[in-house]
Amino acid sequence: MLLGRSTADYHGRRGSIAFVPVDGLPPSEPGLIWHRSHASPTVLAFARAVKGVMPGR
């Protein structure tokens with residue numbers, strides 16, 4: 001699984017999970033996904049709130 005550096009830094013646990021840097025990839029952007037059948041009002045409100053604080057969205 002590819003994760004952002006900040007995720008590896010936050011969730012790093014010595015001896016149980018290895019994070020191996022991958023070079024040469026283009027920059028990535030975080031995003032939200034959810035299953036259509038689980039698009040509750042709470043999920044949609046969260047998505048609207050996140051959209052309001054993410055640059056370029």
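Visitor: Is Ser28 buried or exposed?
Guide: Keep in mind that this is a predicted model. Ser28 sits in the loop between H1 and H2. Exposed means over 50% relative accessible area. Ser28 has a relative accessible area of 66%, so we call it exposed.

Visitor: And how far is Ser28 from Gly12, C-alpha to C-alpha?
Guide: Along the chain, the two are 16 residues apart.

Visitor: What about Asp23, buried or exposed?
Guide: Asp23 is another residue in the loop between H1 and H2. The cut-off for exposed is over 50%. With a relative accessible area of 73%, Asp23 therefore counts as exposed.

Visitor: Which class does Ile17 fall into, by relative accessibility?
Guide: Ile17 is found in the loop between helix H1 (5-11) and helix H2 (41-53). Under 20% would be buried and over 50% exposed, with partly exposed in between. Ile17 comes out at 41%, so its class is partly exposed.

Visitor: Which residues make the nonpolar surface patch of about 450 Å²?
Guide: Ile17 belongs to it. To join a patch, a residue needs over 30% relative accessible area, and Ile17 has 41%.

Visitor: How many nonpolar residues are in the lining of the largest pocket?
Guide: That pocket holds about 600 Å³ of space. Its lining has 19 residues, with Leu2, Leu3, Gly4, Arg5 and Ser28 nearest the centre. By class, three are polar, three are charged, and the nonpolar ones number 13.

Terms used
Residues are numbered from 1 along each chain as its sequence is written. This is a predicted model: local features need pLDDT of at least 70, side-chain atom pairs count only at pLDDT 80 or more; totals for chains, interfaces and linings use all residues. Side-chain values use heavy atoms; hydrogens and water are left out. Patches are made of residues with over 30% relative accessible area and no salt bridge: like charges are joined within 9 Å, nonpolar side chains (Val, Leu, Ile, Met, Phe, Trp, Tyr) within 5 Å. Accessible areas come from the Shrake-Rupley method with a 1.4 Å probe; for residues, only the protein chains shown count as cover. A salt bridge is a side-chain nitrogen of Lys or Arg within 4 Å of a carboxyl oxygen of Asp or Glu. Helices (H or I, at least four residues) and strands (E, at least two) are DSSP runs, numbered from the N terminus. Buried means under 20% relative accessible area, exposed over 50%, partly exposed in between (1.4 Å probe, protein chains only). On a 1 Å grid over the protein atoms alone, a cavity is a set of points where a 1.4 Å probe fits but cannot get out, and a pocket is an open set with protein on both sides within 12 Å along at least five of seven lines; lining residues have an atom within 4 Å of a point. Grid points are joined across faces, edges and corners, and a volume is the space filled by probe spheres set on the points. Ala, Val, Leu, Ile, Met, Phe, Trp, Tyr, Cys and Pro count as nonpolar, Asp, Glu, Lys and Arg as charged, and the others, Gly among them, as polar.
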